[in-house]
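Visitor: I have a model open and would like to go through it with you. Can we start with a backbone detail and move on from there?

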Amino acid sequence: IADESLASSSRTTGIRFVKEPPRIFVVTSMAGGVGSGLVLDFGYLIRTMLEELHISDEQLHGILVHSTSRRTNQRDLALANSLSLLTELHHYTSDRGYPGEPACKLPPRVGNSSPFRHTYVTHLGDEMSEEEFAKGAASIAEYLYQNSVTSSSSFFDQCRNGKYDAS
């Protein structure tokens, strides 16, 4: 049935679907709010769910976005929140591991254990206007599109795996 569904979806949408692990992109702002506070636990939750379903986490990506506003008080808070998130990520990916989250039924992970297979930190800019922020967000959306539904996805995979040869 899965093969039939893939073929039917491909015919209907014109997009080539393949039987591979899903590409999962978790995009959040590091500058504060809900995203920076839960993104690491969310990454571990997704990894745990993939493990339970016996699906590879090879295509689990975390995109952590940093930018600051023109407002001084918000800029300082954004910097502090970004530093806090990166410090926590470093802690979990060092030998200390992830302590788990019993309330979410997330098991601890020992040793070097990142919440994502691939983690990217993206700096959109400092003291951005709303228009500049929207332009930066659009560039991230374009990256996600190219990485998900176009033939460029294999290029990005080769770059991630260190197998791309520009010659």
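Guide: Glutamate 127 lies in strand S3, residues 118-128. Keep in mind that this is a predicted model.

Visitor: What is the phi of glutamate 127 near?
Guide: The phi of glutamate 127 is near 50°, a positive value in a residue other than glycine. Most residues other than glycine have a negative phi.

Visitor: And how exposed is glutamate 127?
Guide: Glutamate 127 is partly exposed, its relative accessible area being 41%.

Visitor: What about histidine 54, what is its phi?
Guide: Histidine 54 is not a glycine either, and its phi is positive, about 60°. Histidine 54 sits in the loop between helix H2 (34-52) and strand S2 (60-69).

Visitor: Is histidine 54 buried or exposed?
Guide: Histidine 54 counts as exposed, at 77% relative accessibility.

Visitor: Now the sheet. In what order do the strands come?
Guide: The order is S1-S2-S3, three strands in an open sheet with parallel pairing. S1 (24-29) and S3 are the edge strands; each has a single partner strand, so one side of each has no neighbour in the sheet. From one strand to the next the twist averages 15°.

Visitor: How many bridges join S2 to S3?
Guide: Eight bridges join S2 to S3, and the two run parallel.

Visitor: Which strands does H2 touch?
Guide: H2 packs on the sheet and touches S1 and S2. The direction of H2 makes about 165° with that of S1.

Visitor: And H4, which strands does that touch?
Guide: H4 also packs on the sheet, where it touches S1, S2 and S3. Its direction makes about 160° with that of S3.

Visitor: Is phenylalanine 156 buried or exposed?
Guide: Phenylalanine 156 is buried, because its relative accessible area of 19% falls under the 20% cut-off. Tyrosine 143 has 23% relative accessibility and counts as partly exposed.

Visitor: What does phenylalanine 155 pair with?
Guide: Phenylalanine 155 forms an edge-to-face pair with phenylalanine 156, at 5.4 Å centre to centre and 65° between the planes. Phenylalanine 155 is partly exposed, with a relative accessible area of 35%.

Visitor: Which residues form the aromatic cluster?
Guide: Tyr120, Tyr143, Phe155 and Phe156 form one cluster.

Visitor: Last one, arginine 109. Where is its place?
Guide: Arginine 109 is in the loop between helix H3 (72-93) and S3. At 12% relative accessibility, arginine 109 counts as buried.

Visitor: What polar contacts does the arginine 109 side chain make?
Guide: There is a polar contact of 3.3 Å between the side chains of arginine 109 and threonine 48, and another, at 3.0 Å, between those of arginine 109 and glutamate 51.

Visitor: What else does arginine 109 touch?
Guide: Leaving aside residues up to four places away in sequence, arginine 109 touches residues including Tyr44, Arg47, Gly97 and Tyr98.

Definitions and conventions
Residues numbered from 1 in each chain as written. Predicted model: local features only at pLDDT ≥ 70, side-chain atom pairs only at ≥ 80, totals over all residues. Heavy atoms only, no water. Buried < 20%, exposed > 50% of the residue type's maximum accessible area, 1.4 Å probe, protein only. Phe/Tyr/Trp six-rings, centres within 6.5 Å; stacked < 30°, edge-to-face > 60°. Helix = DSSP H or I, 4+ residues; strand = E, 2+ residues; numbered from the N terminus. Pairing = 2+ DSSP bridges. Axes fitted to C-alpha atoms, helices over the stretch in contact; angles between N-to-C directions. Contact = heavy atoms within 4.5 Å. Polar contact = N/O pair within 3.5 Å; in protein donor to acceptor, adjacent residues only side chain to side chain.
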